[in-house]
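Take a moment with the sequence and the 3D view. We will walk through the fold in short steps, from single residues to the whole chain and back.

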Amino acid sequence: MAAITAALVGELRAKTDAPMMECKKALTEAGGDMDKAEEILRVKLGGKASKAASRVTAEGVVAAYIAGGVGALVEVNCETDFVTKNDDFLALANACAKLVAEKNPADVAALSALPLGDSTVEATRAALIGRIGENMSIRRFVRFDTAGKLVSYLHGTRIGVMVEFDGAEEQVGKDVAMHIAAMKPVSLSSDQVPADLIEKERSVATLKAAESGKPADIAAKMIEGSVQKFLKEVSLLNQTFVKNDKQTVEQMLKATNTSVKSFTMFVVGEGIEKKQDDFAAEVAATVAAAKQA
């Protein structure tokens, strides 16, 4: 019989979310066989032993697909970075991107209901969860349909950018996409920066101006200067071009007779609060509780 180590107990708990003492009992009963122990827990605890759907999916990949003037960018999430290298998980993400481009689903629910192979996207996702033991979710997607040109850039699998542009040189579009991935603008131009971001920056600038002790008229100029600097830093056209710090992106585009119509950037897990697990602390707490009992 395999030794029932803390690592083995932790692995079973991660797969089932069952209490640690129950995991240890199941492993002991199963003689250390992980699959058998998982089955014992599912029989004994029912739904409590399968809570994958409630676990946070803050890792994942971005996939892109372009055919002619139609393209899609999709973010598919999982729990750990390990799964992002799984071929079946990557195949699901790529298939979703292609389906979004070709079928134009209204939302994630509609995408999940689309046929995929001999099954559906949702059934494929559920089967992967069952096989790998991690929660997975299709978080978001964007679809482009343009008479212009499309280009995508993936920085590894964690950052994905798609750019809609007009111009003779494909490389210019690719350079813009790479610039976006590096500099992360929030809008195309300064007048498109979301109002809530501007207000937040203005509040910070107002506090700094108040702390400076400057007269009201000078403080007002300081605040406005800070806001205008912020707008230039976060809008694509005003940013300094990463491949030539002597010109802005807008100047580079004019020099190459190119215009950017729109862009989207996905960063994996952006805005998702990750759960921080401390397994050692949890073990200590469980041991202490057992002693008191």
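Does Gly269 count as buried or exposed? Gly269 has a relative accessibility of 11%. Buried means under 20%, so Gly269 counts as buried. Keep in mind that this is a predicted model.

Now find Gly269 in the view. Gly269 belongs to the loop between strand S8, residues 259-267, and helix H11. What does Gly269 touch, leaving out residues up to four places away in sequence? The partners are Ala58, Glu75, Asn77 and Arg139. There is also a link across the sequence to trace. Val61 and Gly269 are 208 residues apart in sequence. In space, their C-alpha atoms are 9.0 Å apart.

Step back to the whole chain. The protein chain has 293 residues, and 40% of them are buried. It contains 11 helices and eight strands. Look next at its contacts between residues at least 6 apart in sequence. Of these, 63% join residues at least 24 apart. The chain exposes about 15900 Å². Carbon and sulfur atoms supply 54% of that area.

How confident is the predictor? The average pLDDT of the protein chain is 87. A score of at least 70 is reached by 85% of the residues. Which element has the highest mean pLDDT, and which the lowest? Strand S7, residues 159-166, has the highest, at 98. Helix H11, residues 279-292, has the lowest, at 52. Over residues 46-50, pLDDT stays under 50. The model has nine contacts for this stretch beyond four places in sequence. Where pLDDT is low, the predicted coordinates should not be read in detail.

Go to strand S7 next. Met162 is in this strand. Its relative accessible area is 0%, so Met162 is buried. Ala177 lies 15 residues from Met162 along the chain. The C-alpha atoms of Met162 and Ala177 are separated by 6.6 Å.

Now for a pair of helices. Two packed helices are described by the angle between their axes and the distance between the axes. Take helix H8, residues 195-212, and helix H9, residues 216-234. Their axes come within 9 Å and cross at roughly 145°. The crossing of H8 and H9 is right-handed. Which residues meet there? From H8, they include Leu197, Ile198, Ala205 and Ala209. From H9, they include Met222, Ile223, Val227 and Phe230. Charged residues take part as well, among them Glu201 and Arg202 in H8 and Glu224 in H9. The residues of this contact divide into 10 nonpolar, three polar and three charged.

Move along to helix H10, residues 249-255. Met252 is in this helix. Is Met252 buried or exposed? Met252 has a relative accessible area of 6%, so Met252 is buried. Setting aside neighbours within four places in sequence, Met252 contacts Val172, Val176, Phe241 and Gln247. Phe241 is 11 residues from Met252 along the chain. The C-alpha atoms of these two residues are separated by 7.5 Å.

Follow the chain into the loop between H10 and S8. Thr256 lies in this loop. With a relative accessible area of 22%, Thr256 is partly exposed. Thr256 and Gly167 are 89 residues apart in sequence. Their C-alpha atoms are 7.7 Å apart in space. Asn257 lies in this loop too. Asn257 has a relative accessibility of 69%, so Asn257 counts as exposed. Its backbone has a feature to check: phi of Asn257 is near 55°, a positive value in a residue other than glycine.

Finish with another asparagine. Where is Asn104 found? Asn104 is in the loop between helix H4, residues 87-103, and helix H5, residues 108-112. Asn104 is not a glycine, yet its phi is positive, at about 50°. With 47% relative accessibility, Asn104 counts as partly exposed.

Methods. Residues are numbered from 1 along each chain as its sequence is written. This is a predicted model: local features need pLDDT of at least 70, side-chain atom pairs count only at pLDDT 80 or more; totals for chains, interfaces and linings use all residues. Side-chain values use heavy atoms; hydrogens and water are left out. pLDDT is the predictor's confidence in each residue, from 0 to 100. Helices (H or I, at least four residues) and strands (E, at least two) are DSSP runs, numbered from the N terminus. Contact means heavy atoms within 4.5 Å. Axes are lines fitted to C-alpha atoms, for helices over the stretch in contact, and angles run from 0 to 180 degrees between N-to-C directions. A crossing is left-handed if the near helix is turned anticlockwise from the far one by less than a right angle, and right-handed if clockwise. Buried means under 20% relative accessible area, exposed over 50%, partly exposed in between (1.4 Å probe, protein chains only). Accessible areas come from the Shrake-Rupley method with a 1.4 Å probe; for residues, only the protein chains shown count as cover.
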